[in-house]
Amino acid sequence: MPRYAAIDIGSNSARLLVADAQPDDKIEQLAVDREVTRLGASVFKAGVIATDALDFVCTVLARFAAAYQKLDVDGIRVVATAAVRDASNQQEFLTRASLAAGAPVEIISGQEEARLIHLGVQSRWPHPDQRVLMVDIGGGSAELIVSEGGKLKEAWSKPLGAVRLTGVFLRNDPPTPLELRQMHEFMDEKLSPAMQRLQLHKYDRAIATSSTAAAMICAVNGVPRAKRDDADRMRATVSQVRKLYRALSEANLRARAKVPGIGPRRAEIIVPGVALLLECMQRFQLPAFHYSAAGVRDGIVADLAARGVGRERAQLTPEQRQVVEEMAAKYGVAARHFRKVAQFARHLFVELAPLHKLKPEWGKLLEAAAVLYDVGLFVADTGHHKHSQYLVSNSDLPGFTDRERLLIAHLCRFHRKSMPGPRHAEYLALPADDRRGLLMLIPLLRLADTFDFSKEQRVGEIACQLSGSLAAQIQLRGGNAELEHWAGERVGEVFQSVYGRPLTVVVARNGRQSSR
């Protein structure tokens with residue numbers, strides 16, 4: 001499974017997410033961190049990122065970098081939003097922040113921010129058939145997003161973030177009626193162009209994201225801040241939000257901080273955020289907002305996964321592929337056969353990643369073994385797996401380390417016949433992690449081999465399906481693949497012994513499946 005890191009440097013807080021992207025488009029979170037920085041406070045007043053804010057953000061980013069670097073990620077993206085977009089000293093920020101984060105910091109537009117928010121929400125809470133209005137209220141900007149059929153239809157980014165509005169309009173505590181009226185008039189002016197278009201549609205659901213939305217949902221549902229994760233997908237009705245806004249706008253900071261789900265820092269900027277959510281509900285006649293915990297970080301991870309970033313780490317480089325293919329050709333292995341087997345091996349490694357959980361580099365070793373496992377036939381048919389091990393172990397393979405060459409040789413050795421056991425001294429001498437890696441890959445190599453058992457490329461492609469702890473299913477697609485079907489099912493016992501679940505192999509015929 002590819003592993004990604006995402007860092008979102010917002011106007012109010014910085015956030016980190018490290019996650020494994022699984023083939024079913026879901027993610028497994030490995031590390032999550034967040035720190036309130038108030039980066040935008042000085043920007044929205046004076047147009048510049050204050051020195052103390054920059055210092056603090058860099059300290060936070062260094063902490064994030066230490067966390068994701070320990071997890072050996074395959075790709076990372078670090079983005080900065082409204083505060084840095086507006087800052088006159090953004091170049092200084094980019095230089096220092098990039099050094100602290102261990103990766104280049106990218107200033108993204110409001111439209112790109114909206115796209116990532118949409119991706120994040122759809123990845124964690126798909127709405128494939130509905131028209132959805134999404135509203136994200138950050139520290140410096142607010143994004144209004146229309147999603148139809150799971151696709152982003154329209155998006156607007158407006159300078160209506162909670163930190164910005166607090167600094168510009170709310171100077172008293174509690175805010176005065178005049179300050180609130182001026183803030184609402186500013187909201188109306190900024191929202192009017194978008195509202196005119198958005199009001200033309202009816203929405204199946206309205207989703208609010210960001211910490212402001214989380215605080216609002218928690219407040220109306222009585223969820224304490226410590227259990228904010230439980231608020232995901234909870235709802236708040238327009239009457240509940242109206243009542244909450246009235247109470248918050250009339251309360252002082254100390255009283256607002258005591259409201260369940262808000263807390264002392266959020267209490268400083270909660271009034272404009274709830275005001276904007278209520279404004280949207282009234283303008284669009286929305287009966288309720290649902291809350292989604294997804295955001296820019298989730299969108300970054302989904303985007304990196306969709307683009308296959310880091311996938312090259314699981315595949316041979318062109319130079320490595322040339323080396324192993326030349327060796328296979330030297331010993332008479334048919335190119336059409338080994339390329340087809342290598343194709344299957346690559347696919348199995350990616351699709352079964354939730355089971356083997358190996359680092360991407362193991363995919364290269366599997367692909368190399370899929371090219372070389374039959375070179376021993378040049379010596380003799382009998383015991384050719386042992387001859388393959390000998391030839392690979394004792395050949396010069398430029399581009400591979402000695403360890404990698406040894407592991408490829410072991411995969412060739414166990415592509416048929418017995419599995420590793422007490423009598424295999426060379427295998428037992430390997431480090432425990434290498435033994436586990438080989439054990440996970442041996443069934444995959446055997447399957448890849450059997451799916452071109454006839455050596456006639458009858459199977460065009462394969463598809464894997466995992467269902468909880470139930471059987472793994474592999475579908476063979478192509479022509480007459482009865483022989484490959486039979487051979488694949490024979491690997492089932494080995495597969496179950498390694499992965500602890502049965503294996504089912506089916507053949508697709510005219511869009512239908514059949515199994516023996």
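Contact here means heavy atoms within 4.5 Å. By that criterion, residues 24 or more positions apart account for 69% of the contacts in the protein chain with a separation of 6 or more. The model is predicted. Its protein chain has 516 residues, of which 54% count as buried. The secondary structure comes to 23 helices and 15 strands. Along the principal axes, the C-alpha atoms fill a box of roughly 90 × 50 × 35 Å.

**Helix α15 against helix α21**

- Two packed helices are described by the angle between their axes and the distance between the axes.
- For α15 (residues 335-351) and α21 (residues 432-450), the axes come within 8 Å and cross at roughly 135°.
- That angle makes α15 oblique to α21.
- The α15/α21 crossing is right-handed.
- On the α15 side, the residues that meet α21 are His337, Val341, Phe344, Ala345, Leu348 and Phe349.
- Their partners in α21 are Leu441, Leu444, Leu447, Ala448 and Asp449.
- An α-helix has 3.6 residues a turn, so residues three or four places apart point the same way.

**Asp449, on the α21 side**

- Asp449 belongs to helix α21.
- Its relative accessible area is 16%, and the cut-off for buried is under 20%, so Asp449 counts as buried.
- Not counting residues up to four places away in sequence, Asp449 touches His337, Val341, Tyr373 and His415.
- Two of these, His337 and Val341, are also listed among the α15 residues that meet α21.
- Asp449 and Ala342 are 107 residues apart along the chain, yet their C-alpha atoms are separated by 8.7 Å.

**Lys340, a buried charge**

- Lys340 also lies in helix α15.
- Is Lys340 buried or exposed, and what is its nearest side chain of opposite charge?
- Lys340 is buried, and the nearest side chain of opposite charge is Asp452, 7.3 Å away.
- A salt bridge needs a side-chain nitrogen of Lys or Arg within 4 Å of a carboxyl oxygen of Asp or Glu. Lys340 has none.
- Asp452 is still a contact of Lys340, as are Gln457, Val459 and Gly460, leaving aside neighbours within four places in sequence.

**Backbone exceptions**

- Most residues other than glycine have a negative phi, and most peptide bonds are trans.
- Gln457, one of the contacts of Lys340, has a positive phi near 55°.
- Gln457 sits in the loop between α21 and β12 (459-465).
- With a relative accessible area of 19%, Gln457 is buried.
- Lys357 is not a glycine either, and its phi is positive at about 55°.
- The loop that holds Lys357 runs between α16 (353-356) and α17 (361-372).
- The peptide bond from Asp173 to Pro174 is cis, with omega near -5°.
- Pro174 is found in the loop between α6 (162-169) and α7 (177-198).

**Helix α6, an enclosed element**

- How many of the 8 residues of α6 are buried?
- The count is 6, so α6 is largely enclosed by the rest of the structure.
- The buried residues of α6 are Ala162, Val163, Arg164, Leu165, Thr166 and Phe169.

**Helix α18 against helix α19**

- α18 (residues 384-393) and α19 (residues 402-413) pack at an angle of about 170°, with their axes 7 Å apart.
- That makes α18 roughly antiparallel to α19.
- From α18, the residues at this contact are His385, Lys386, Ser388, Gln389, Val392 and Ser393.
- From α19, they are Arg405, Ile408, Ala409, His410, Cys412 and Arg413.

**Gln240 in helix α9**

- Gln240 is placed in helix α9 (residues 238-250).
- At 31% relative accessibility, Gln240 counts as partly exposed.
- Gln240 touches Val220 and Arg235, not counting residues up to four places away in sequence.

Notes
Residues are numbered from 1 along each chain as its sequence is written. This is a predicted model: local features need pLDDT of at least 70, side-chain atom pairs count only at pLDDT 80 or more; totals for chains, interfaces and linings use all residues. Side-chain values use heavy atoms; hydrogens and water are left out. Helices (H or I, at least four residues) and strands (E, at least two) are DSSP runs, numbered from the N terminus. Buried means under 20% relative accessible area, exposed over 50%, partly exposed in between (1.4 Å probe, protein chains only). Lys and Arg count as positive and Asp and Glu as negative; His and the chain ends are not counted. Axes are lines fitted to C-alpha atoms, for helices over the stretch in contact, and angles run from 0 to 180 degrees between N-to-C directions. Angles under 35 degrees count as roughly parallel, over 145 as roughly antiparallel, 65 to 115 as roughly perpendicular and the rest as oblique. A crossing is left-handed if the near helix is turned anticlockwise from the far one by less than a right angle, and right-handed if clockwise.
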